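Trainee: I would like to know where the labels for this model come from. Can we take them one by one?

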Amino acid sequence: MVLSAVADPPVRRGSDYAQLSRRISQAGLLQRRPGWYAARIVLTLGAYAAGWVAVFALGDSWWQPLVAVVLAVATTQVAFLGHDAGHRQMFR
């Protein structure tokens with residue numbers, strides 16, 4: 001009696017992560033965008049500097065909580081830029 005061969009499962013090449021990584025790379029999502037980062041740096045540092053100017057210009061007033069929110073957002077954006085720079089995502 002001859003047993004029929006069981007069909008082999010399809011061969012997978014790489015993990016799910018490898019396939020996703022290939023798709024992301026092919027879509028161009030990992031390419032550096034130096035112009036975008038240059039504009040982002042200028043705007044972020046401008047907002048950061050403007051926040052500190054506002055702190056000293058307004059002095060002790062009820063506008064300080066609003067300025068604190070602006071400085072909190074600007075500081076977070078500076079941290080994001082530092083993170084991207086640490087991973088060499090901005091420039092070569």
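Mentor: Of the chain's 92 residues, 12% count as buried, where buried means under 20% relative accessible area, exposed over 50% and partly exposed in between (1.4 Å probe, protein chains only). This is a predicted model: local features need pLDDT of at least 70, side-chain atom pairs count only at pLDDT 80 or more, and totals for chains, interfaces and linings use all residues. Residues are numbered from 1 along each chain as its sequence is written, and side-chain values use heavy atoms, with hydrogens and water left out.

Trainee: Why is Tyr 37 called buried?

Mentor: Its relative accessibility is 9%. The limit is under 20%, so Tyr 37 counts as buried. Trp 36 has 39%, so it is partly exposed.

Trainee: What makes Trp 36 and Tyr 37 an edge-to-face pair?

Mentor: Rings of Phe, Tyr and Trp (its six-membered ring) pair if their centres lie within 6.5 Å; planes under 30 degrees apart are stacked, over 60 edge-to-face, the rest tilted. Here the centres are 5.0 Å apart and the planes 80° apart, so the pair is edge-to-face.

Trainee: Why is α2 called roughly antiparallel to α3?

Mentor: The axes of α2 (residues 34–58) and α3 (residues 64–86) cross at roughly 150°. Axes are lines fitted to C-alpha atoms, for helices over the stretch in contact, and angles run from 0 to 180 degrees between N-to-C directions. Under 35 degrees is roughly parallel, over 145 roughly antiparallel, 65 to 115 roughly perpendicular, the rest oblique. So α2 is roughly antiparallel to α3.

Definitions and conventions
Helices (H or I, at least four residues) and strands (E, at least two) are DSSP runs, numbered from the N terminus.
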